[in-house]
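Here are a few exercises to work through with the structure open beside you. Try each task before you read its solution.

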Amino acid sequence: MGGSGLVVRDLSVGYGPVRAVRRVSLEVPEGAVVTVLGSNGAGKSTLLRAVSRTLSFHGGAITEGSVSLGDRRLDGLAPDRVVAAGVSQVPEGRRVFARMTVADNLRAGALGAARSGRAAALARVHELFPVLAERSGQRAGLLSGGEQQMLAVARALMAAPKVLLLDEPSLGLAPLMAQRIADTVREINAQGTSVLLVEQNAALALRLATRAYVLEVGEVTLSGPADELAASDEVRRRYLGVV
Ligand code: ATP
């Protein structure tokens with residue numbers, strides 16, 4: 001694989017005695033869209049939090065294994081150093097700063113990144129999401145759910161990441177808005193950013209991704225090219241609702 005891919009190796013994560021992720025290994029090759037599917041509580045968010053190192057905010061810790069980007073280990077870094085190393089997360093539930101303006105939310109996303117790239121990053125996100133340029137001075141809490149999701153993605157892009165971690169971007173959105181977010185993820189990827197996408201909406205995720213992993217009770221039970229998984233009986237039955 002490419003020299004700057006994201007590699008998770010034998011990763012286990014616990015919240016105190018709860019083992020939420022068990023010896024998970026996965027790779028996001030440079031330029032790829034990779035998805036992790038799984039039902040509620042399978043450990044998908046925990047996996048992303050372990051990569052972004054925001055785990056400690058949730059009372060969790062890595063108990064074994066490693067996370068690397070290229071030849072750089074990420075699993076010992078503080079969250080802002082992970083951003084600086086090129087990995088940004090869009091958290092589940094969007095979590096925009098509701099009382100801050102759209103512009104200030106975007107500024108906050110650029111904090112960990114090099115100052116020199118900020119104007120270019122802002123131009124890029126305004127091009128991807130013109131509505132955010134229009135609403136620049138408005139409080140983020142006044143945006144619609146879909147617009148808040150756009151802002152959450154845009155905020156993560158402000159750090160010009162090599163890898164974008166997306167936690168359930170379609171959650172709670174109407175199908176049309178979910179599709180718009182998916183189209184944007186494709187565009188972001190086409191511009192050169194790798195994507196690790198966690199989703200309960202398996203149909204949408206398998207259309208976007210080239211490779212997929214299925215997580216069940218913290219363990220990878222299936223993995224392979226997304227089109228092969230989309231055609232497998234087990235995935236069709238359990239995650240695509242085909243009987
Ligand atoms: P969801 O889609 O519901 O977020 P998920 O696949 O992302 O599900 P996680 O949120 O990673 O799953 O949860 C994995 C396991 O870890 C679950 O058993 C959950 O109860 C537990 N867990 C998650 N967060 C915490 C926490 N902060 N403290 C203790 N246990 C937690």
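**Exercise 1: The sheet**

In this predicted model, seven bridges join strand β1 (residues 6-15) to strand β4 (residues 61-69), and the two strands run antiparallel. Work out which residue of β4 stands opposite valine 13, and which strands stand at the edges of the sheet.

*Solution.* Start with the pair itself: valine 13 stands opposite isoleucine 62 in β4. Next, widen the view to the open sheet, where four strands follow the order β2-β1-β4-β5 with antiparallel pairing. Now read off the ends of that order: β2 (18-28) and β5 (72-73) are the edge strands. Each of them has a single partner strand, so one side of each is left without a neighbour in the sheet.

**Exercise 2: A helix on the sheet**

Find the strands that helix α1 (residues 44-52) lies across.

*Solution.* Follow the helix over the sheet: α1 lies across β1, β2 and β4. Then compare directions, and you will find α1 running at about 115 degrees to β1.

**Exercise 3: Two helices**

Describe how helix α6 (residues 145-157) and helix α7 (residues 175-190) are arranged.

*Solution.* First, take the axes: those of α6 and α7 come within 10 Å and cross at roughly 15 degrees. Angles under 35 degrees count as roughly parallel, so α6 is roughly parallel to α7. The crossing of α6 past α7 is right-handed.

Then look at the contact. From α6, Gly146, Gln149, Met150, Val153 and Leu157 meet Met177, Arg180, Ile181 and Ile188 in α7. Finally, sort the residues of this contact by type: six are nonpolar, two polar and one charged.

Methods: Residues numbered from 1 in each chain as written. Predicted model: local features only at pLDDT ≥ 70, side-chain atom pairs only at ≥ 80, totals over all residues. Heavy atoms only, no water. Axes fitted to C-alpha atoms, helices over the stretch in contact; angles between N-to-C directions. Parallel < 35°, antiparallel > 145°, perpendicular 65-115°, else oblique. Left-handed = near helix turned anticlockwise from the far one by under 90°. Contact = heavy atoms within 4.5 Å. Nonpolar A, V, L, I, M, F, W, Y, C, P; charged D, E, K, R; others polar. Pairing = 2+ DSSP bridges.
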